[in-house]
Each structure stands twice: as C-alpha cells, then as structure tokens.
Amino acid sequence: MITRFALALGVSVVALAAAGPAPADAVSRPWMDVSLSPDARASAVLKEMSRDEKLVLVFGYFSSTDKGRNYSPPAGARPGAAGYVAGVPRLGIPPQWQTDAGIGVATQGAAQQKRERTALPSGMGTAATWNPDLAYKGGAMIGSEARSSGFNVMLAGGVDLVREPRNGRNFEYGGEDPLLAGTMVGAQIAGIQSNRIVSTVKHYALNDQETGRGILDARIDPDQARMSDLLAFEFAIERSSPGSVMCAYNQVNGAHACENDWLLNQVLKRDWGFRGYVMSDWGATHSTERSVNAGLDQDSGFPFDKEPYFGAPLKAAVAAGRVSQQRLDDMARRILRSMFAVGAIDQEVVPGPIDFAAHAAVTRADAEQAAVLLKNRDSILPLGPDVRSIVVIGSHADKGVLSGGGSSQTYPAGGNAVPGLQPTGWPGPVVYYPSSPLDAIRALAPNAKVIFVDGSDPAEAARAAAGADVALVFANQWASESIDVPLTLADNQDALIEAVAAANKRSVVVLETGGPVLMPWLDRVSAVLEIWYPGTSGGGAVANLLFGRINPSGRLPVTFPRDLVQLPRLALDGVGLPEGQVFTVDYSEGATVGYKWFDAKNLQPLFPFGHGLSYTSFGYEGLKAVSANGGLTVSFRVRNTGAARGMGVPQVYVSPAGGAGWEAPKRLGGFSKVDLAPGAETVVSVKVDPRLLAVFRSGAWRIAGGSYKVMLGASSRDIRQSISVTVPARTLPVTYRP
Ligand code: BGC
C-alpha cells in the first residue's frame, strides 16, 4: 500500500528526553512576565536551558502511529495528529502540539479515530471570496477548534501560487496572484493566531506541483521569484507575522528548500527580517549542518526523513563545532519567541467544547461568498418560485459535498457521507461532507418535484432531465496532496453534461473542483456555478445561491484556460520518470504567472482571473489616482445598478505606460468587496503597494518614473475605466515594509 511515508526508510527513534521537572520553585521565571517583549522573554528562558533542552525544542516527531514502519509517537503526543515537539516542563515550556491545517483541524489518515471538526471551504474557495475579513473569521474559527482540540501550532497558511493549474494542491492555496493570495492567506493566518496559537505559512517556496515534489528542482530567475511566488509569501508574512514558515519538499535553483541559504537566510531572515522559526515539511530535511547553517530551525515529523538529521546528529555537530552553539541558541530562541509572541505559553491549550452550530455558520458564510457564478445565460439563475420540477444529477449531490485529500483532510461530524470511494488509502480517503445539496434544494423548493439521478449513466440522466423545468448537474474533480490532476473531468462527466444539456436546454452545471477545469460543453449549458470544495455547510450554501437567497459574489482567484496549449507547459514535468530521478522544472516564464501569462501572450482564457457574475449589476465610475508621498491611492465609486442586493468586487490593475521591463501588461494593484442595496452607491479607496509598481532588480525594488495606467475593472478582462497618473522614480530597499 502506498503511504505518505513510502519513500522514507525505517529508522529507530532517537529521542533526547528533556530533563525531568525540577521543583516548581527551583527557578524563578522572569520569562513569564507578560510585560516583557517576546525577545526578552525568549532570551531569559534560553539562558536557563541546557544544550539538550534546546535540542529537544528543535526536533519534531510525527504524532500518529505508523504500523508500516513500526513507529509510535512519543508519550504526550496527540494521537492522529501531524506533529509533536516535546516541551521543557521544568521551565514551564509546553510541548508543541501541531495539527494540519488550512480548512480545519485535520486527522492523519492512518488514525482509527477521526477528529470530527468544522471544515471551511478550500483555500482556493476562501481566496475566491476576495474578502479578507471573512478569511480572518474563518481562520479564527478553525484556530479556536485547534486550541479546543489541544493544539498550539496549526500548519495552515498555504500560499504557493498557481503556476501549474494541474497541481493537486492548488485547492489548499490562494490562487495565482501574489497580492490576492498574500492578502487572503495572511488574513487567515492572523485569524488563526488570534487564538494565541502559532500558524505557519507554507510551503516555502515554489512547491507548485506535486509530481516529484521531493526531488524536483524548480529553476527560476531569483528576481522574478521575488515578484511572484516570494512576493505572495512576503505579503502574507507582513500581514500576519506567522510564528513559523514551513520550508518545502522541492529544490529551488539547485538546493533543497529546507537547506537553501538564499531562501532561508538571505531572503526570509535577512531581507524580510523574519523573526519566527523555519520548520521543515514532513520529510523535507536532507542534512544536519547544511540545513541548520542554511537557516532551518526545526526538523519536523520524524520518522519522515530518510534518517534522523536533528537530535543526536545535531548534538554531535554542535559538539564538533560544525554548527555553532550560537546557531543552536538562535534556533531555540526563534521557536520560543514565536510561542511567547502569540501567547501560546501564557495560555496553555486545554481540550474543551466546540460550538459546532456557530462554526457551521462561519463556514457557510465563507462558502456562500466563495462560489463563482461563471455563466448565467438568460438569467436562468436564480431559480424562481415557478420552478415545478428539478432534476439533480451526479456527484453524490444527494449525500454531500466533496473535499480535497491529503494531510489537510478534515473529517466531518457525522462521518464520510460517501465512504468507500477510491482511493481509500493515502492520499485518500475521498471524503464527502454530509451536507446534502439535494436536501437543501428540496427545502427551498417545497412545491417542486425534485428527483435525483446519480449520473453514472448519461443516457438515463438525459431521460430524467428531458421533461424537467431545470437540470442541475453536479460535476467534480477530486484533487489531493501528493498527486497532480488533469484538467479534464474524470469518470465520463463531460459526456454526462453533454447528454443532459442535449436533453434539456435549461441545464445548470455546479462544479466542485480544486481549481480550473476544461469545459468542452460550455456553449451547450445555461449556467455554471463553481463552488470549489465548499466545506461543512456546502450543501445549504449551494442551494441558497441557486435560489437567490444569497447573491453570488465570488471572483476567480485563478485563470481558467480554454485549452492546455495555452499553458506555459503543455505537460507536467516529471511524469513517467523512474522513481527517484531528479528533474528540473524550468519556470522560465518567471513572474508571468496566471492572467499575466494570458495577457502577455494575448491568449483568450475560458474565464479570466477576477471574473464572477452576480444577480445584480454594478457601475464603476469616478476613477481617480493620486501619487503623493511615495504612495499611490486610487479611488472610485461603485453603484449597484440592478434590482437585487449584492456584493461587487472592484479590481484595480496597474501598468507602466511604456512597459518598463514588467513581466506582464498589467498587475492587480488592489481590490475591495462592497455590499450594496439596489441603487446604493459607495466610494472606495485603495492604496497600491509600491512594490506592485516596481521591478525587482539588483537587490532592490525599482519604480521607473513616468506615466502609469490605472485601470478599474470587474475582472482582469473587463476593464471599465482607466486613467493615467505620473509616478516619480523611486528605489525601495529589499527590506521595505509598508
Ligand atoms: C504536507 C504539509 C503538512 C505536513 C504534516 C506534509 O506532507 O506537505 O502540508 O503540514 O505533511 O502533516
């Protein structure tokens, strides 16, 4: 059986036990003085620590049993969780109990007993809300469940850019644009940490495909990386000060991410001034002193690595002077500092009750704003009270809604609504949350005849659809960690949709996907609603959207291509290579990612970045841009010009008049989400981060002086107004902070 440790070798546990507790009054504890800074507190406790105790803090264990390798986690670990790092009880330093992650409190697959917790929509879904307040609330909710479940570290905050739409983990991330992804994921991290627990941001960096993730070498021009993938991390980090950064499995420009001096020591710690700690992804450490000296502070998830690199080997490296004592101190200090900074030491985590009803409302609000109405011919949606017969087809819509797989899998109260689907082992199981769209649709259409057809036979589905007022076809793409996914829907679903659309021209497709998919049937269907993986309350949310109880307000955080030939890479690199063969992925497109690529190459996408329809309409007017004191402020009016209440997402794009060495014709410079009653109007003002006007070159952000075009649009391809503004030349140091 394939397990997530398939590549790791069996090794015995090398534990460095913390010294037993001393009498409580043996040491006075100035570090518990909350009036001191986190740095002062970390330094104070560090002074009291032995070398062995420091070594304990930097060495993490997998927290689940792994029968295959005869591994049991240390006593004190929370069962079925991602990680455990022992504490130093004699000094009042608690263990670090680490849980996955981005949509809720996960359970590792092998665990018999699943934690049943509230799940948010996928990260991509939350990004599609374009609503940082909602992302913060969602983060606060799952962080509170983490705390109530006994965890003080949440391994959330996935912000790798969608460079590769087939990446099986895109659903965990925040889309293709550094500003949108950094803003949304940063808000979620801040929400998580508001519970006085640490969150990570991950996977640093360029873990942009799963095929060969442990060995591939992502090649990219370092300056272009600063303007794309790294900028997403930079934005997320400065918006949320995550306690930890998780370095990735892959190599970047010839060195593994967790032993990459450029990524860790230079960019993260020196240039961005990151004060927290770097933890490795599970099995992403490949060395002792090379990693430590390159900036890795904590080794995670023993026994995922081929051999233990921290613990005894690190102790020996310090003793031999291959790693300095000062560096070991720095590693431990960074961990302690983050724990003090968030409050994880002052407020112990204690398992406690969870308000599931309140949390269901939080995730439902997220799902309702995440859904993107891609197409709505003749305003077939929302469904009205006159609908008498509805056929619901496919995707187990009678039972529940799909979720993404892998380590982030969060299990729902009530269990998997559709157990037994393949793969049942890693990276599965495939989990449906028991929130039935069919039941919710029936509840909103009490006078209609609503039937369900499972969709396994297109001809049968077409017959059922033929006489109905409307056919709702649910179609899905299951994506997961450790695999990449084709953009073509599996299991004959394209044929199913074609057959239904041929039988009933009032056909609506509801997509549950991790990211973009191809839609060869698009012209034949009336409407398409993309609901991503909508989380615990997804069934109710989709019914509310279909019936207009909620007006769709999601916008695409990612471009939907029309065809694979439009992508920078026709095929995924590394497919079909012998296991273990190292290969490069050449990101020669540099920062020209997503819509920037489509704009630069003048390609017509299926649906552009930023696109999303509403049951009302919005007018955008009065665009102004003021460049003053080194900043660019853009303001405009948004008006609800339709008949329904709704939320618009005005988007500001910027571009230098002459190109000025930019990677693309335009960049997203700012956005806002506004809720307006029919006829109502509001004035919006957004500040454009100067880095988004700059090119990163020779170690600095350089803004070329001159004329810039400021565009106001409803999507990256629906620009409603544009003006010019003169911006003075400016150079921002690499350490620039807004
Ligand atoms: C994943 C991480 C996760 C870790 C712990 C790894 O396989 O890449 O995202 O946090 O496992 O479960």
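Mentor: We will take domains, then helix pairs, then a few backbone details.

Mentor: This is a predicted model, in which local features need pLDDT of at least 70 and side-chain atom pairs count only at pLDDT 80 or more, while totals for chains, interfaces and linings use all residues. Residues are numbered from 1 along each chain as its sequence is written, and side-chain values use heavy atoms, with hydrogens and water left out.

Trainee: Which domains is the protein chain divided into?

Mentor: Domain 1 covers 2-342, domain 2 covers 371-546 and domain 3 covers 618-733. The bounds come from an automatic or database domain assignment.

Trainee: What separates the centres of domain 1 and domain 2?

Mentor: Taken over C-alpha atoms, the centres of domain 1 and domain 2 are 35 Å apart. Their contact takes 35 residues from domain 1 and 30 residues from domain 2, where contact means heavy atoms within 4.5 Å.

Trainee: And how much area do domain 1 and domain 2 bury between them?

Mentor: About 2600 Å², with 57% of it on carbon and sulfur atoms. Buried area is the accessible area (1.4 Å probe) that two parts lose on being put together, summed over both.

Trainee: Helices next. At what angle do α4 and α5 pack?

Mentor: Helix α4 (residues 132-148) and helix α5 (residues 178-193) pack at about 35°, and their axes are 6 Å apart. Axes are lines fitted to C-alpha atoms, for helices over the stretch in contact, and angles run from 0 to 180 degrees between N-to-C directions. Helices (H or I, at least four residues) and strands (E, at least two) are DSSP runs, numbered from the N terminus.

Trainee: Is the crossing of α4 and α5 left-handed or right-handed?

Mentor: Right-handed. That term applies if the near helix is turned clockwise from the far one by less than a right angle, and left-handed if anticlockwise.

Trainee: Which residues of α4 and α5 make the contact?

Mentor: Among them are P132, A135 and Y136 of α4, and T183, M184 and A187 of α5. The residues of this contact divide into nine nonpolar, five polar and no charged. Ala, Val, Leu, Ile, Met, Phe, Trp, Tyr, Cys and Pro count as nonpolar, Asp, Glu, Lys and Arg as charged, and the others, Gly among them, as polar.

Trainee: What about α14 and α15, how do they cross?

Mentor: The axes of α14 (residues 458-466) and α15 (residues 493-503) come within 8 Å and cross at roughly 30°. That makes α14 roughly parallel to α15; angles under 35 degrees count as roughly parallel, over 145 as roughly antiparallel, 65 to 115 as roughly perpendicular and the rest as oblique. In α14, P458, A461, A462, A465 and A466 meet A495, L496, A499, V500 and A503 in α15. This contact has 10 nonpolar residues, no polar and no charged.

Trainee: And α12 with α16?

Mentor: Helix α12 (residues 356-370) and helix α16 (residues 538-546) have axes that come within 9 Å and cross at roughly 45°. They are therefore oblique to each other. R364, A367 and E368 in α12 meet G540, A541, N544 and L545 in α16, a set of three nonpolar, two polar and two charged residues.

Trainee: Changing topic, where is the cis peptide bond with P382?

Mentor: The cis bond joins L381 and P382, with omega about 0°. P382 lies in the loop between β12 (372-376) and β13 (389-393). The bond from Q422 to P423 is cis too, with omega near -5°.

Trainee: What is the phi of W130?

Mentor: Positive, about 50°, although W130 is not a glycine. W130 is found in the loop between α3 (123-128) and α4.
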